[in-house]
Amino acid sequence: MSSTTPQGLTRFNTADASEAQAALHEVCASRAWGSKVLAQRPYATADALFTVSDAAMAELSADDLAEAMAGHPPIGRPKPGDPTSNREQSGMAGASDDLKAEMLELNLAYQEKFGHVFLICASGRTGEQMRDAVRNRIDNSPEQEREIVRVELGKINRIRLNRIAEGDPS
């Protein structure tokens, strides 16, 4: 390990396997993804961690993607008491009641069509941007949407892995 390895990454690298696996499960609910990322420890840099994460995400089967998506609450309805989903979906926090109601309708229509929650890297997006994204994506084919979801999950994973690497517990 280089002396430039971030403190959080050093903790992750030296954590026992069950503790590291639990941390990875908080990043992404796919067991296949978590096992692949765990197996490559130790990481010298956050970029090395991201590279392995991206490769693991690219290899996930449809069932693995479904498992990963199951760990994400619908946009506009973060998990109660979960600071991660609340932070990531903060763009909906100040949305009008009309926008929240529209997002609920769109989420339900999307879930009816695709069989899973609408998934987007919500960090830094406004409620209107998320609404526009679901409107634009609802006409996609299931195959197109699965690949978009894979990319969005990769973005979310990088944000969450960066928090681990930097030692941010929240």
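Predicted model: local features only at pLDDT ≥ 70, side-chain atom pairs only at ≥ 80, totals over all residues.
Residues are numbered from 1 along each chain as its sequence is written, and side-chain values use heavy atoms, with hydrogens and water left out.

The domain assignment divides the protein into domain 1 (1–71 + 153–169) and domain 2 (73–139), the bounds being those of an automatic or database domain assignment. The centres of the two domains, taken over C-alpha atoms, are separated by 24 Å. Contact (heavy atoms within 4.5 Å) involves 8 residues of domain 1 and 12 residues of domain 2. Between domain 1 and domain 2 an area of about 860 Å² is buried, 62% of it from carbon and sulfur atoms; buried area is the accessible area (1.4 Å probe) that two parts lose on being put together, summed over both. On the domain 1 side, the greatest losses of area to domain 2 are those of M69, I156 and R160, which together account for 51% of what that side buries.

Helices (H or I, at least four residues) are DSSP runs numbered from the N terminus. Their axes are lines fitted to C-alpha atoms over the stretch in contact, and angles run from 0 to 180 degrees between N-to-C directions. Helix 2 (residues 17–27) packs on helix 10 (residues 142–166) at an angle of about 140°, with the axes 9 Å apart. Helix 2 is therefore oblique to helix 10, where angles under 35 degrees count as roughly parallel, over 145 as roughly antiparallel, 65 to 115 as roughly perpendicular and the rest as oblique. The crossing of this pair is right-handed, a term used if the near helix is turned clockwise from the far one by less than a right angle, anticlockwise being left-handed. A23, L24, E26 and V27 of helix 2 meet N157, R160, L161 and I164 of helix 10.

Helix 8 (residues 97–114) and helix 9 (residues 127–137) pack at about 30°, their axes lying 10 Å apart, and are therefore roughly parallel to each other. Helix 8 passes helix 9 in a left-handed crossing. Residues L99, E102, M103, L106, Y110 and F114 of helix 8 meet G127, E128, M130, R131, V134, R135 and R137 of helix 9.

For helix 3 (residues 31–39) and helix 4 (residues 46–58), the packing angle is about 145° and the axes are 9 Å apart. Helix 3 and helix 4 form a right-handed crossing, with contact made by W33, K36 and V37 of helix 3 and L49, V52, S53, A56 and M57 of helix 4. The loop between helix 3 and helix 4 contains P42. The peptide bond from R41 to P42 is cis, with omega near 0°, whereas most peptide bonds are trans.

Terms used. Helix = DSSP H or I, 4+ residues; strand = E, 2+ residues; numbered from the N terminus.
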